[in-house]
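Subject: The structure, and what I found in it

Hi,

Here's the structure for you to open.

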Amino acid sequence: MDLGRISTTGQQRSGLHSSSPCLQPRKRVTSRGRMSTNVRASGGPNLLQRIGRLVREKGQSDFDRVFKGTAKTRERLSVVDELLGIWSLDDYEATLEELEEALIAADFGPKTALKVVDRIRDGIKAGRVKTADDTRVALKDAILELLRKGNEKQGAGSSELKLSSSKPAVILVVGVNGSGKTTTIGKLAHKLSNEGAKVYLVPGDTFRAAAAEQLAEWAKRANVTVGAFQDRAKPQKVIAQGCETALKDGSYDVVICDTAGRLHTAYALMEELEACKKAIGTGTGDQSQPNEVLLVLDGTTGLNMLNQAREFNESVAVTGLILTKLDGSARGGAVVSVVDQLGIPVKFVGVGEALEDLQPFNEDTFADALFPKS
Ligand SMILES: Nc1nc2c(ncn2[C@@H]2O[C@H](COP(=O)(O)OP(=O)(O)OP(=O)(O)O)[C@@H](O)[C@H]2O)c(=O)[nH]1
Ligand SMILES: [Mg+2]
C-alpha cells in the first residue's frame, strides 16, 4: 500500500474533495454548516454534547464484557475471599493488615490500599462492620467511593466524553509506546460513528510509516475517514493540517488525533506532545480545543501507570483515561490509584482487540466485576 496516498477509508486519494463519496453526509440528516469554528454539530445543535452521554449509556448494559475482561484482576483478588474466610472480629487488625497487603499486591498502590483499609477500620470501630460479609461490602464500597470521588473531581458526569457544541470537536490521544492508542482510536471512532457523528482521524504518529497504515486499517473497519500520511513530517504540522482540513470541509463532527508512543520521562518528546496539543488550537482556530486529551494506559503496566499519568498530565493536562488490555491483565486495580490520587476520570476500558471491545467506564460495573456478589 502506498502510504503517501492513504487519505480516506477504503480509498487511496491524494487530497480531500467534497465530491468524494467518503465525505458525503451519511444517511442521517447532516446540515453542512459554515466553515468556521462555530459550525453547528450535524444532527441537531447538541449532538456532540449528547454523544458522550449516549456512548456511555449504551455501554452500560454490557456488564458481561467488562466481567470477562477483568477475570485476571478478579483472580488476583480472590485472596481477599481467603482472608475473609478466617475473619474474626476479635482479631480484625491482623486481617486488615493482610488485606492491605493483598490490595498492594493487586496494584492498588500503598496510599490507596491504606485509605481503603482505614475506611473499613472506621466502619468496624463505629459498629457498622462486624462480619466477614460486612467487611467484603465495606471493601467494595470504599473502592467505589474512591473511584466516584476521583472521577467526579473534574465535575459531575466527567466519565462521559465532553465535546463542545461547535464542530469539529477534537480529541487528542496520548500514551506510552504500545499502550493501545491506535487500536483504541479505531474502536472509539466506531462508537462515535454509530451514534451519528462523522469522524476524521489524523495520523499524528509520523514516527514510523506502519503507524499510519495501522490507523488507516482501523478507519476502514470503523468506516470513517483518515487524513493522509506525511512521511517524516513534524507531528504538530500534521495535526494542525488535519484539524484545518476537517474544519474547512465543514462536515466533520469529531476529529481524533493519534500520536506516537513516548516515554513519559523523555523530556523532548513530552515537549513535542505539548506542541501537538497547541497545534490543534491553531488548526481549528479555536484555542479551547482539544475538548479531550485522553491518556491510554496499558492495564498490564501495574502501578507504573501512576507515574505515567502524572507526567502526561503535567505536560498536556489529561482530561480522561482509557484503560486497555484489561482482558489480559491482572493489574487493572492500579487505575483506582490513578483516579484516587490524580482525580482524572476513567472514560473507557479496553477489553479486547475487536472493534466492539471498548466499554464506557462505569464505577459500579467495574467494582461489581472486581468484587462480584457471592
Ligand atoms: N487484549 C487486548 N489487546 C489490546 C487492547 N488494546 C490494544 N491491544 C493490543 O496492544 C497492541 C498495541 O496496540 P496499539 O494500538 O498499536 O498501541 P499504540 O499505543 O498505538 O502503540 P504505539 O503507536 O507503537 O505507541 C496491539 O497488539 C493491540 O492489538 C485491549 O484492550 N485488549
Ligand atoms: Mg499507535
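A bit of housekeeping to start with. This is a predicted model, where local features need pLDDT of at least 70 and side-chain atom pairs count only at pLDDT 80 or more, while totals for chains, interfaces and linings use all residues. Residues are numbered from 1 along each chain as its sequence is written, and chains are lettered from A and ligands numbered from 1 in the order in which they are written.

Let's begin with α13, residues 363-370. Six of its eight residues are buried, so this helix is mostly covered (buried means 20 or more other C-beta atoms within 10 Å of the residue's own, exposed means 12 or fewer, partly exposed is in between, and C-beta atoms are placed from the backbone). The buried ones are E363, T365, F366, A367, A369 and L370. Their cover includes α2 (63-69), α3 (71-85) and α6.

How do α6 and α13 lie against each other? Their axes come within 10 Å and cross at roughly 150° (axes are lines fitted to C-alpha atoms, for helices over the stretch in contact, and angles run from 0 to 180 degrees between N-to-C directions). The two are therefore roughly antiparallel (that label is for angles over 145 degrees; under 35 is roughly parallel, 65 to 115 roughly perpendicular, and the rest oblique). On the α6 side, K140, I143, L144, L147, R148 and N151 meet E363, D364, F366 and A367 of α13 (contact means C-beta atoms, placed from the backbone, within 7 Å). That set divides into five nonpolar, one polar and four charged residues (nonpolar: Ala, Val, Leu, Ile, Met, Phe, Trp, Tyr, Cys and Pro; charged: Asp, Glu, Lys and Arg; polar: the others, Gly among them).

Now a second pair, α5 and α12 (residues 334-342). Their axes come within 9 Å and cross at roughly 85°, which makes them roughly perpendicular. Here K111, T112 and K115 in α5 meet V336, S337, D340 and Q341 in α12. This contact splits into one nonpolar, three polar and three charged residues.

On to the backbone. Which peptide bonds are cis? One runs from K167 to P168, with omega near 5°, and P168 sits in the loop between α6 (132-151) and β3 (169-174). Another runs from Q289 to P290, also with omega near 5°; P290 is in the loop between α10 (267-284) and β7 (292-298).

Are they buried or exposed? D107 counts as buried, with 26 C-beta neighbours inside 10 Å, whereas N223 has 15 and counts as partly exposed.

Finally, the record: an unreviewed UniProt entry lists residues 345-358 as "domain: SRP54-type proteins GTP-binding" (positions follow the numbering used here, feature names are shortened, and annotations may be inferred rather than shown by experiment). In the model that stretch is 0% helix and 43% strand, with its end C-alpha atoms 16 Å apart.

Cheers

Note on methods. Helices (H or I, at least four residues) and strands (E, at least two) are DSSP runs, numbered from the N terminus. Two residues are in contact if their C-beta atoms, placed from the backbone, lie within 7 Å.
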